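I opened my notebook today to get to know a structure that was new to me. Come along and look things up with me.

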Amino acid sequence: MADTGSAQDHGRLAQFEEHRGRLWGIAYRIMGTVADADDAVQEAWLRWQALPDEPPVASPRGFLTTVVSRICYDLLGSARARRERYVGPWLPEPLLGGAGGTPPVVPVAPDGSGPEDRVTLDESVGMALLTVLERLTPAERTAFILHDVFAVPFPEIAEAVGRTPDSVRQLASRARKRVRAEAPRRTVDRAEHRRTVEAFLGAVMGGDFDALLSVLDPEVVWRSDGGGKVSAARRPVLGREKVARYVRGLVTRGAEQQNLRVAMVDVNGATGLAFADATGRQAGVFAFTVHEGRITEVDAVLNPDKLGHLDLGRL
């Protein structure tokens, strides 16, 4: 009996591990934080492990997707309440070195919507879009992520959020319209994005104010997330001139720091910047939105609580 139980446990673990990347990807996109995504996946594992052996689950992928989505949906309500009391702008926790938790290509859901109505996996993990998703209700965000990104059918989403399939369809439609209206203009050319960030870094490090102005969009928005833990602008900085002066002030203060290292890194699937001093006490990650060779948005994550999962000391 012990051997049988061990084999069953091993099989159940293997099934869960097969879907772990997808589950984490869903959880991160719904929650916007690494810790919450980790917690949701761990809770999904505990629930999966506690299931009786009989009857067997017909679709482990579908069952686990529903479970982790429901966990995140429940968590998101309380998380939003905390974020409303947050000091300054709240930004998602950044991922470095890749899109993180990106599952294989997802097939189109059998509801007739075409690829043009869908958000690609790379786009869906971008900081700019995740910031827009913060403005949706928990139900809208969950429905949008599951349907438009992961192609989960509406009946399965309905189980996760406790609504009818028709209601979920409406939620996803409202969310899609809002995302289309509020998502920033951005290039899909990774080479153009990288060149623009390189030009920004060159202008900043070279102290070339005119070059810095030329790489910023006239209506650029700079958001800083310090969470009240470190010095950061508590309101977005708007406009090319104001952002350029703000960046020049940051550089001036940064020059006083010894051994401050800056590196170009992949931030949530696109070229960004990270910096850290020798002690790791001063650190941050910058994500950029680029359109037609100019920077339209900068999301600066400086709150040390949001950087603890990153090894910035190795820059």
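Predicted model: local features only at pLDDT ≥ 70, side-chain atom pairs only at ≥ 80, totals over all residues.

Next I asked which residues of α2 meet α3. On the α2 side I listed Asp-36, Ala-40, Val-41, Glu-43, Ala-44, Arg-47 and Trp-48. Their counterparts in α3 are Pro-60, Phe-63, Leu-64, Val-67, Val-68, Ile-71, Cys-72, Arg-82 and Arg-83. Sorting the residues of this contact gave me 11 nonpolar, five charged and no polar.

**Entry 1: α7 and α8.** I turned to another helix pair. Helix α7 (residues 154–161) packs with helix α8 (residues 165–182) at an angle of about 95°, and their axes are 8 Å apart. I wrote down that α7 and α8 are therefore roughly perpendicular to each other. From α7, I found Phe-154, Pro-155, Ile-157, Ala-158 and Val-161 in the contact, and they meet Pro-165, Val-168, Arg-169 and Ala-172 in α8. The residues of this contact divide into eight nonpolar and one charged, with no polar ones.

**Entry 2: the sheet.** In what order do the strands of the sheet run? I read off β2-β1-β6-β5-β4-β3, an open sheet of six strands with mixed pairing. The edges belong to β2 (237–238) and β3 (261–267); each has a single partner strand, so one side of each is left without a neighbour in the sheet.

I followed β2 to its partner. Strand β1, residues 216–225, runs antiparallel to β2, and two bridges join them. Here I spotted Trp-222 opposite Val-237 in β2.

**Entry 3: a helix across the sheet.** I then looked at helix α9 (residues 190–206), which lies across β1, β3, β4 (270–276), β5 (283–291) and β6 (294–301). I noted that α9 runs at about 30° to β4. Arg-190 is part of this helix. Leaving aside residues up to four places away in sequence, I found Arg-190 touching Asp-266, Gly-269 and Ala-270. For Arg-190 and Gly-269, I recorded a separation of 79 residues in sequence and 9.5 Å in space, C-alpha to C-alpha.

**Entry 4: two positive phi values.** Most residues other than glycine have a negative phi, so I stopped at the next two. Asn-268 has a positive phi of about 50° although it is not a glycine, and Asn-268 sits in the loop between β3 and β4. Glu-292, not a glycine either, also has a positive phi of about 50°, and its place is the loop between β5 and β6.

Is each of them buried or exposed? Asn-268 counts as buried, at 2% relative accessibility. Glu-292 is exposed, with a relative accessible area of 65%.

**Entry 5: the whole chain.** Last, I stepped back for the overall counts. The chain has 11 helices and six strands. It holds 315 residues, of which 49% count as buried. Looking at contacts with a separation of 6 or more, I found that residues 24 or more positions apart account for 70% of them.

Notes: Residues numbered from 1 in each chain as written. Heavy atoms only, no water. Contact = heavy atoms within 4.5 Å. Helix = DSSP H or I, 4+ residues; strand = E, 2+ residues; numbered from the N terminus. Nonpolar A, V, L, I, M, F, W, Y, C, P; charged D, E, K, R; others polar. Pairing = 2+ DSSP bridges. Axes fitted to C-alpha atoms, helices over the stretch in contact; angles between N-to-C directions. Parallel < 35°, antiparallel > 145°, perpendicular 65-115°, else oblique. Buried < 20%, exposed > 50% of the residue type's maximum accessible area, 1.4 Å probe, protein only.
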